[in-house]
Amino acid sequence: MASSIPDATPPVLLVHPGPHGVAAYAREIATEVLEQQPSARLSTADALAAVAPGTPVHAHVTDRLWGSSPEQAARVVVDLAGRHPLSVTFHDVPQASDGERNRPRRRAFYRSVAEAARGVAVNSAHERELLREEGVWNGPVAIVPLPVETVEPSTVFAGDDAVGVLGYFYPGKGHDETLAATVAAGMTRLTVLGRASDGHAEDLDAFVRRASAAGVDVEVTGWLDDAEMIARARRVSVPVIAHRHVSASGSLTSWIGWGRRPLAVRNRYIDEMVELRPGALRVVDPEDLAAEVAIARHEAVRTWHGLDPVPFGRADAARAYRRWWAEVFP
């Protein structure tokens, strides 16, 4: 496989510090590219001043990572593209869940970056279609799926009789749908594996109150280190993915990497992931989620996939990027 990759110098890989999911993912991919090609170069945005103008650069892009507003972020990234031939990976692409005020602003941000960049990549065919449907970009788009990094297999832990939702809490993440299914399935515990997304602490508090009124006790774990999160995720009885609006899901890849086979409510992205990783998900229609939760509660084997390794890992993603960069920057 490696021999089929052109022996070309990749662009400077731009990385960001901090806990933002996109920043963390950019660092993971950069680390893997360096492992495969030690001559690759990394830089932070602040250190780019030392990189000669005209040197190709790759950046992972969401407006929230690049500015306090979509407009400010657009100025920063377009300015970067004016100094360096730029390839980008888009994350969190615009869609209906952004709301009437932010949706057009985010569309304008992604459109301006796409027009300024030499190459555009996304993490799913679903996102490529969203770019077209939202009127953002109709040009060429590369697809490099989010990888699953398989951790060491584990024996099945005894379930804690809780339904679990993984990742940051924000409206539309599927917590409300999961709560309704939990109640209908006769379960009384729900675990939020993570914390509120910035700006959504009050939404999480309101969710906990709604759950309590419905007879469901919600545990919010808050931030956990990797080992703690894996242990908790493996202890949950029924893992659920029920996003109403999704572009690509790091929560989904984490569940799978940790050995779990989550109940995943069907949508275009989920269907794409099933094709990429057969057997790693249990796809359910929205109206069947409660029934599937009730069954999985008593049949734990349904929530473990047993794949080792899971198809398309981090090394595969890095190789895909290296092939693409050789086309973008010949």
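In helix 12, the residues A317, A318, R319, A320, Y321, R322, W324, W325, A326 and V328 are buried (under 20% relative accessible area; exposed is over 50% and partly exposed in between, with a 1.4 Å probe and protein chains only). The model is predicted: local features need pLDDT of at least 70, side-chain atom pairs count only at pLDDT 80 or more, and totals for chains, interfaces and linings use all residues. Residues are numbered from 1 along each chain as its sequence is written, and side-chain values use heavy atoms, with hydrogens and water left out.

**Helix 12**
- Helix 12 covers residues 314-328 and has 15 residues; helices (H or I, at least four residues) and strands (E, at least two) are DSSP runs numbered from the N terminus.
- From first to last C-alpha, helix 12 reaches 21 Å, close to the 21 Å expected at 1.5 Å a residue, where the expected span is 1.5 Å times one less than the number of residues.
- The cover over the buried residues of helix 12 includes strand 1 (12-15), helix 1 (21-36), strand 3 (57-61), strand 4 (86-90), strand 5 (119-122) and strand 6 (142-143).

- Six strands form an open sheet in the order 2-1-3-4-5-6, with parallel pairing; two strands pair if DSSP finds at least two bridges between them.
- Strand 2 (42-44) and strand 6 are the edge strands, and each pairs on one side only.
- Strand 4 pairs in the parallel sense with strand 3 over five bridges, and S87 in strand 4 is the bridge partner of H58.
- Three bridges join strand 4 to strand 5, also in parallel, and T89 stands opposite A121 in strand 5.
- In strand 4, five of five residues are buried: L86, V88 and F90 on one side, S87 and T89 on the other.

**Cavity**
- The whole structure holds one cavity of 30 Å³ or more; a cavity is a set of points, on a 1 Å grid over the protein atoms alone, where a 1.4 Å probe fits but cannot get out, and lining residues have an atom within 4 Å of a point.
- The largest cavity has about 50 Å³ of space, a volume being the space filled by probe spheres set on the points.
- Its lining consists of L13, L14, V15, A26, I29, A30, H58, H60 and W325, and strand 1, helix 1 and strand 3 each give two or more residues to that lining.
- By class, the lining of the largest cavity has seven nonpolar, two polar and no charged residues.

**Helix 3**
- G82 lies in helix 3 (residues 70-83) and is exposed, with a relative accessible area of 69%.

Terms used: Contact means heavy atoms within 4.5 Å. On a 1 Å grid over the protein atoms alone, a cavity is a set of points where a 1.4 Å probe fits but cannot get out, and a pocket is an open set with protein on both sides within 12 Å along at least five of seven lines; lining residues have an atom within 4 Å of a point. Ala, Val, Leu, Ile, Met, Phe, Trp, Tyr, Cys and Pro count as nonpolar, Asp, Glu, Lys and Arg as charged, and the others, Gly among them, as polar.
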